[in-house]
Amino acid sequence: MTILITAGPTREAIDPVRYLTNRSSGKMGYAMAEAAAGMGHRVILISGPTQLDVPDGVDFVPTESAADMYRAVESWISKADVAIFAAAVADYRPAHVPEHKIKKTGDTMILELIRNPDILGSTRSIFKFNGVLVGFAAETQNVEDNARDKLERKGCDFVVANDVSRNDIGFDTNDNEVMLVYADKTEPLGKHSKHHIGHLILDKTIALASSNIAVTGQ
Ligand code: PMT
């Protein structure tokens with residue numbers, strides 16, 4: 001099977017030396033990429049900037065901004081049977097990026113932001129992807145309800161819901177505790193290493209992909 005995984009943060013340029021980003025380390029996405037490659041699958045890892053070593057045996061596609069990641073997913077998705085979106089993609093980027101470093105002037109400065117493309121939200125509707133689609137949701141409140149709303153709006157098979165209000169799980173930690181939110185049920189996975197959670201998510205995803213192949217005969 002070919003598994004496409006997005007991971008890590010995006011960087012949105014403010015000027016040539018500054019950017020907007022978030023606390024994603026990439027550990028969750030890289031753990032799944034390593035697990036999938038270890039199971040013998042072909043892995044396309046599309047990653048924002050991280051400090052992590054690229055797992056052995058994966059096809060690595062480095063990206064920086066949300067727009068870069070959008071283009072990378074658009075060009076690789078047709079190769080994939082399964083797509084898992086663990087990247088923490090910036091929803092907005094600076095509207096104007098000057099050629100030169102912004103000079104300090106007044107006491108305040110207003111930065112105008114515009115919406116970034118929604119990569120997960122484009123995967124069914126624009127990229128016409130028919131494989132198994134797994135989104136992530138990083139939430140600080142109403143975690144399960146917000147994840148189920150994303151599942152429905154973006155056409156996911158399930159959503160991995162993270163409570164990112166806790167500092168022992170979620171962003172830039174070695175452990176995670178997630179719920180797998182489906183249209184008709186929710187499965188809490190308990191607190192484990194990201195490595196172990198990555199294996200559990202892959203097992204569920206590959207089982208879904210295998211049952212689709214059995215039904216459609218492809
Ligand atoms: O990287 P780590 O430090 O290991 O942390 C892991 C994690 C907390 C980053 C990860 O497990 C996680 O929750 N990733 C999703 C973070 C996020 O941006 O969630 P969201 O609720 O804003 O986005 C929902 C989904 O849409 C995600 O699958 C995201 O990849 C995708 N998305 C979001 C915005 C956008 N413009 N395009 C997208 O594809």
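**A walk through the strands and salt bridges**

Let's start in the sheet, where β10 and β11 run antiparallel and are joined by four bridges. Here helices (H or I, at least four residues) and strands (E, at least two) are DSSP runs, numbered from the N terminus, and two strands pair if DSSP finds at least two bridges between them. One spot to look at is Val160, whose bridge partner in β11 is Leu180.

Before going on, a word about what you're looking at. This is a predicted model, in which local features need pLDDT of at least 70 and side-chain atom pairs count only at pLDDT 80 or more, while totals for chains, interfaces and linings use all residues. Residues are numbered from 1 along each chain as its sequence is written, and side-chain values use heavy atoms, with hydrogens and water left out.

Back to β10, which covers residues 158-163. Is this strand enclosed or open? Five of its six residues are buried, so β10 is largely enclosed by the rest of the structure. "Buried" means under 20% relative accessible area, "exposed" means over 50%, and "partly exposed" is in between (1.4 Å probe, protein chains only).

Strand β10 also pairs with β9: the two run parallel and are joined by six bridges. You can follow this pairing at Val134, which stands opposite Phe158 in β10, and at Glu139, which stands opposite Asp163 in β10. How does the chain get from β9 to β10? It passes through helix α4 (residues 143-154), and this β-α-β crossover is right-handed. That label applies if, with the strands pointing away from the viewer, the path from the first strand over the helix to the second runs clockwise.

Strand β9 (residues 132-139) is mostly covered too, with seven of its eight residues buried. It has another parallel pairing, with β6 (residues 82-85), over four bridges. There, Val82 has Val132 in β9 as its bridge partner.

Val82 also turns up in the surroundings of Thr2, a residue of strand β1 (residues 2-7). Leaving out residues up to four places away in sequence, Thr2 touches Arg42, Ile44, Lys79, Ala80, Asp81 and Val82. Touching here means contact, that is, heavy atoms within 4.5 Å. With a relative accessible area of 11%, Thr2 is buried.

Now for the charged side chains. Side chains of opposite charge can pair when their charged atoms come close. A salt bridge is a side-chain nitrogen of Lys or Arg within 4 Å of a carboxyl oxygen of Asp or Glu, and by this rule the count comes to 13.

Take Asp118 and Lys154, whose side chains meet in a salt bridge (2.7 Å, N to O). This pair links distant parts of the chain, 36 residues apart: Asp118 is in the loop between β8 and α3 (119-125), and Lys154 is in helix α4. Asp118 counts as partly exposed because its relative accessibility is 31%, while Lys154, at 14%, counts as buried.

Next come Glu177 and Arg166, with a salt bridge at 3.2 Å, N to O. Glu177 lies in strand β11 (residues 175-181) and Arg166 in the loop between β10 and β11, so the pair ties together parts that are 11 residues apart in sequence. Glu177, at 30% relative accessibility, counts as partly exposed, and Arg166 does as well, at 31%. These two belong to a network of salt bridges that links Arg166, Asp168, Glu177 and Lys191.

A further pair is Glu187 and Lys204, whose closest N and O atoms are 2.6 Å apart. Glu187 counts as partly exposed at 21% relative accessibility, and Lys204 counts as partly exposed at 29%.

Finally, let's look at the surface. Which residues form a nonpolar patch there? They are Tyr92, Met109, Leu111 and Leu113, with about 370 Å² of accessible area together. Patches are made of residues with over 30% relative accessible area and no salt bridge; like charges are joined within 9 Å, and nonpolar side chains (Val, Leu, Ile, Met, Phe, Trp, Tyr) within 5 Å. The areas come from the Shrake-Rupley method with a 1.4 Å probe, and for residues only the protein chains shown count as cover. Leu113, found in strand β8 (residues 113-115), counts as partly exposed at 38% relative accessibility.
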